[in-house]
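Take a look at the model below. Start with the ligand, then turn to the domains.

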Amino acid sequence: MKYKEIVTVISQEQIATGIYSMWIQTKDIAKDAVPGQFISIYCKEGSRILPRPISICEVDKEADTLRIVYRVVGKGTDEFSKFSVGETTQVVGPLGNGYTLENRTALLIAGGVGIPPMLETAKALNFMGVKVFTVCGYRNNELFLKEDLEKYSTVIIATDDGSVGTKGTVIDAIKESGVEADVIYSCGPTPMLRAVKQYAIENDIICQISLEEKMACGIGACLACVCKSKEVDDHSQVHTKRICADGPVFYAQEVEL
Amino acid sequence: MNLGVNIAGVQFENPVMEASGTFGSGVEFSEFVDLNKLGAVVTKGVANVPWPGNPTPRIAETYGGMLNAIGLQNPGVEVFCKRDIPFLKKFNTKIIVNVCGKTVEDYLEVVERLSDEPIDMMEINISCPNVKEGGIAFGQDPKCVEAITKAVKAKAKQPVIMKLSPNVADITVMAKAAEAGGTDALSLINTITGMKIDIHKQTFAIANKTGGMSGPAVKPVAVRMVYQVANAVSVPIIGMGGIMNGDDAMEFILAGATAVSVGTANFMNPTATMDVLSGIENYMRMHNVEDINQLIGIVK
Ligand SMILES: Cc1cc2nc3c(=O)[nH]c(=O)nc-3n(C[C@H](O)[C@H](O)[C@H](O)COP(=O)(O)OP(=O)(O)OC[C@H]3O[C@@H](n4cnc5c(N)ncnc54)[C@H](O)[C@@H]3O)c2cc1C
Ligand SMILES: Cc1cc2nc3c(=O)[nH]c(=O)nc-3n(C[C@H](O)[C@H](O)[C@H](O)COP(=O)(O)O)c2cc1C
Ligand code: FES
């Protein structure tokens, strides 16, 4: 079930340069959310008409609140970063499919603002009693969400500048740490996802990746947000799938990056 | 209060529809909108065979609007008839099927396939490039407009709406050509060709380079065109282009539209169609008007 709600900001905090963490009060969205899903959050400035898709980072089902962690990259996210506590805005969610959680050792691989959805994923897997490793790629030593992730998983770090952990990519960090697992859950920039897919194929590991594309409706109606699928898709009857409705999470072998 | 309107013998409960391509076949939006409350559901363009659409990015936001180059991705008329029409038949609303093609034959194949389906009207999207005429859109040449209208009318069992492209010097020439071809109604406007450049990536914001502009930023152009067409032809008009609320819809109705379609607004608010409907009702109450038909085209 998807809901259109007017949500209230209950906290807003800058957690790294240009990265914000916001908790919002929902009515039903948080209750129904699963790890890997996202919400469409709308600008109040009327010249910006399209929703911004942002991953669900953490949920508190009891309180019906949810957390998003986002980087300011343009006018919309800049507007969100200026929302103050008590302010309201329109949100539609929860959207997309989310990860299929398996009862086997998990390797979460994320880069940049692909890290936020890993928190709820790690939490849910940990709750299931699964051993969880999280490999995070950061630009530098601003390790946002690292401490939260450590509550539910063993965290391995890669940084672009080498200031913490392995200097290099998430794959470099995996190789350096020698970590092994049965299922990969990944989210991040496309070049990273390509490398993760390659790594999963080479090591014969089940791999779920979360994709990104510009969205207009966010619910599967407009066909803006498609990715290339390996097989002819049943809904589209061509080689495309809708990231917002059929994804954002796909098995790596289902899609071409 | 009477909100019912009649277009080419089809009676609509109210004048609010959604615009083709922004609402799929209604399945996804039915989680937010009671489709029974819409005057009609206008489907995404459907072709004779499945179309893969354009590469991504397919859309870009622009100030007060957006550009799209979806490329008319659709599953083809066969799957559409088996899957989407039965879904829509569950609702008490009218079904308008939007049709696209690359050649006149393509269009006719779809029109024939639809002729025995339980749909109420067909809307012919002539903003598609005519591959046999060097890719210029059907809707940009009055001879083409008249010819395709005639050809469609000869085959169609349901009333036909020709959907005009605004990318022309004089929209009334195209409207008259469609009327001469025998169309039952007109809808306008389709999107206005635009471009956006990503200055940091130093490339086009959408992969197709150009895209169709829609949303509130195009509304004044759309209202002007509806007004001009209403005063040039006698067939009924479905007006669209940037309608966000009831007041916007009233501009189109006062300019001469019998019904209105809500497109891009659905992206900003999935229940925009319902807001437009209640806004029209509020307007009628405020102005003490009993029948919406009394307001159509009264601004001269
Ligand atoms: C499923 C999904 C989950 C996401 N989760 C997060 C998250 O948890 N944290 C986070 O920081 N970012 C996330 N993003 C990226 C986020 O959507 C964009 O950074 C945001 O839309 C930028 O908006 P803007 O107005 O600031 O930027 P502008 O560049 O001004 O935006 C212009 C338009 O482009 C769209 N756009 C720009 N960048 C992207 C992008 N990368 N992906 C999709 N649309 C984009 C905007 O939505 C808007 O319509 C996610 C994207 C997707 C598709
Ligand atoms: C994403 C998108 C897809 C569209 N697809 C179609 C289509 O398949 N057929 C068509 O005739 N018009 C299509 N249109 C045009 C709309 O139906 C409408 O004419 C136009 O967007 C203007 O209305 P608006 O400003 O309310 O969106 C599309 C528009 C958008 C934004
Ligand atoms: S954004 Fe409309 S289909 Fe995905």
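Predicted model: local features only at pLDDT ≥ 70, side-chain atom pairs only at ≥ 80, totals over all residues.

Begin at ligand 1. There are 20 residues around it. Those that come nearest are A:Pro53, A:Arg71, A:Gly76, A:Thr77 and A:Glu212. By class, the shell holds ten nonpolar residues, six charged ones and four polar ones.

Now look at the polar atoms. The side chain of A:Arg52 places an N or O atom 2.8 Å from an oxygen atom of ligand 1. The backbone takes part too. A polar backbone atom of A:Arg71 lies 2.7 Å from an oxygen atom of the ligand. At A:Val69, a polar backbone atom is 3.0 Å from a ligand nitrogen. How much of ligand 1 does the protein bury? Alone, the ligand exposes 830 Å², and the protein buries 85% of that.

Which elements of chain A give two or more residues to this shell? They are strand 4 (52–55), strand 6 (65–71) and helix 2 (75–81). Strand 4 gives the most, with four residues.

Step back to the whole chain. Chain A is divided into domain 1 (3–95), domain 2 (107–212) and domain 3 (214–249). The centres of domains 2 and 3, taken over C-alpha atoms, are 25 Å apart. Their contact takes five residues from domain 2 and four from domain 3.

About 390 Å² is buried between domains 2 and 3 of chain A, and carbon and sulfur atoms give 65% of it. On the domain 2 side, A:Ser210, A:Leu211 and A:Glu212 supply 74% of the area buried against domain 3, more than any other three residues.

Definitions and conventions:
Residues numbered from 1 in each chain as written. Chains lettered and ligands numbered in written order. Heavy atoms only, no water. Near = heavy atom within 4 Å. Polar contact = N/O pair within 3.5 Å; in protein donor to acceptor, adjacent residues only side chain to side chain. Areas by Shrake-Rupley, 256 points an atom, 1.4 Å probe, with all protein chains shown as cover. Nonpolar A, V, L, I, M, F, W, Y, C, P; charged D, E, K, R; others polar. Domains from an automatic or database assignment. Contact = heavy atoms within 4.5 Å. Buried area = accessible area lost by both parts, 1.4 Å probe.
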